[in-house]
Amino acid sequence: MDQSAKPTNATHPITALQHVKAATKFLILMAWLVVLLIPFLILEGLKIRASAKIVRLWHIGARKITGIKVEQIGEPCATLPLLLLGNHTSYLDIPVINSLFTVNFIAKSEVKSWPGIGFLARCCQTIFVERRAIKSHEQIKILREKILPDRRLVLFAEGTSTDGSIVLPFKSSLMEFVFDEKISAVCNVQPMTVLCLKDAETSSSPEPEHVLYPWFDDTTLAFHFWRFLATSGCTVKVHFSPSRPVTDFANRKELTQWAHAGVQNGYETILNKR
């Protein structure tokens with residue numbers, strides 16, 4: 001969570017009925033976690049990659065339990081390895097993306113210590129990096145082992161989270177590793193835009209949802225998630241722009257500019273501005 005935008009207006013207090021709804025969803029979600037955790041741990045212990053499919057299955061279930069509906073625009077690149085570069089508004093982006101395909105996320109190292117989220121992130125085989133040292137040989141080696149020969153990685157290239165009203169400039173330093181000789185020779189990159197929209201009943205034209213889905217201000221994680229569970233859910237659109245091989249780009253800044261333009265285009269397409 002980061003304070004990259006001003007807090008939006010507070011929502012209405014949670015009613016007793018909504019608390020019951022949130023509690024019911026939470027208990028079902030925990031039961032779903034327990035059901036899949038045992039086979040996941042067994043496969044992880046045996047170093048069998050099928051565990052990634054269990055992670056995806058859990059996220060599909062979690063998305064349905066919490067009421068998140070996903071609409072996809074465009075297609076993810078079928079050629080692997082693939083680095084997906086996207087915007088970021090919430091921890092809820094994780095089940096949205098992971099329900100579409102098996103994937104590993106690149107996250108800042110402090111996420112590992114976040115209560116609940118850190119545990120789930122480790123189960124999802126998230127790659128934790130010290131962003132100030134992402135260009136180090138040690139971290140490039142780790143990322144190389146994770147993406148090669150045939151995996152998808154997701155990097156939230158803004159380096160922070162927002163309320164969904166804008167796409168912040170991308171940080172080119174985060175993309176240094178993809179120019180490693182062994183990675184760049186075979187890897188493709190693809191811009192991906194994830195945007196939660198306001199309920200169609202309350203908005204005549206597509207508008208970003210700024211309060212219930214994004215997590216970017218001083219709201220605690222526990223309260224934010226409980227408040228979200230108390231709702232009927234939301235609709236999230238995921239837009240995939242055309243992909244290109246890393247070898248098309250001379251350097252990370254050129255790649256950064258192209259990826260940002262692709263995500264911005266996806267943002268405007270989702271909002272029917274193009």
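N188 sits in strand 6 (helices, H or I of at least four residues, and strands, E of at least two, are DSSP runs numbered from the N terminus). The model is a predicted one, so local features need pLDDT of at least 70 and side-chain atom pairs count only at pLDDT 80 or more, while totals for chains, interfaces and linings use all residues. Residues are numbered from 1 along each chain as its sequence is written, and side-chain values use heavy atoms, with hydrogens and water left out. N188 is buried, at a relative accessible area of 12% (buried is under 20%, exposed over 50%, partly exposed in between, with a 1.4 Å probe and protein chains only). Setting aside neighbours within four places in sequence, N188 touches C77, T79, P81, L82, L83, R244, P245 and V246 (contact means heavy atoms within 4.5 Å).

Buried positions in helix 8 include L255, W258, V263 and Y267, along with E268. The buried residues of this helix pack against strands 1, 2, 6, 7 and 8.

Now to helix 1 (residues 16-45). Its axis comes within 9 Å of that of helix 2 (residues 51-66), crossing at roughly 175 degrees (axes are lines fitted to C-alpha atoms, for helices over the stretch in contact, and angles run from 0 to 180 degrees between N-to-C directions). The two are therefore roughly antiparallel (over 145 degrees; under 35 is roughly parallel, 65 to 115 roughly perpendicular and the rest oblique). Among the residues making this contact are W32 and F40 of helix 1 and W58 and I65 of helix 2. The contact comprises 14 nonpolar, 3 polar and 2 charged residues (Ala, Val, Leu, Ile, Met, Phe, Trp, Tyr, Cys and Pro count as nonpolar, Asp, Glu, Lys and Arg as charged, and the others, Gly among them, as polar).

Helix 1 also packs on helix 7 (residues 221-229), at about 105 degrees with the axes 8 Å apart, so helix 1 and helix 7 are roughly perpendicular. Here H19, K21, A22, A23, K25, F26 and L29 of helix 1 meet F225, W226 and L229 of helix 7; that makes 7 nonpolar, 1 polar and 2 charged.

As for disulfides (cysteine sulfur pairs within 2.5 Å), a search of the whole structure turns up 0. C196 is in none, with the nearest cysteine sulfur, that of C234, 3.7 Å away. C196 is buried at 3% relative accessible area, and C234 is buried at 10%.
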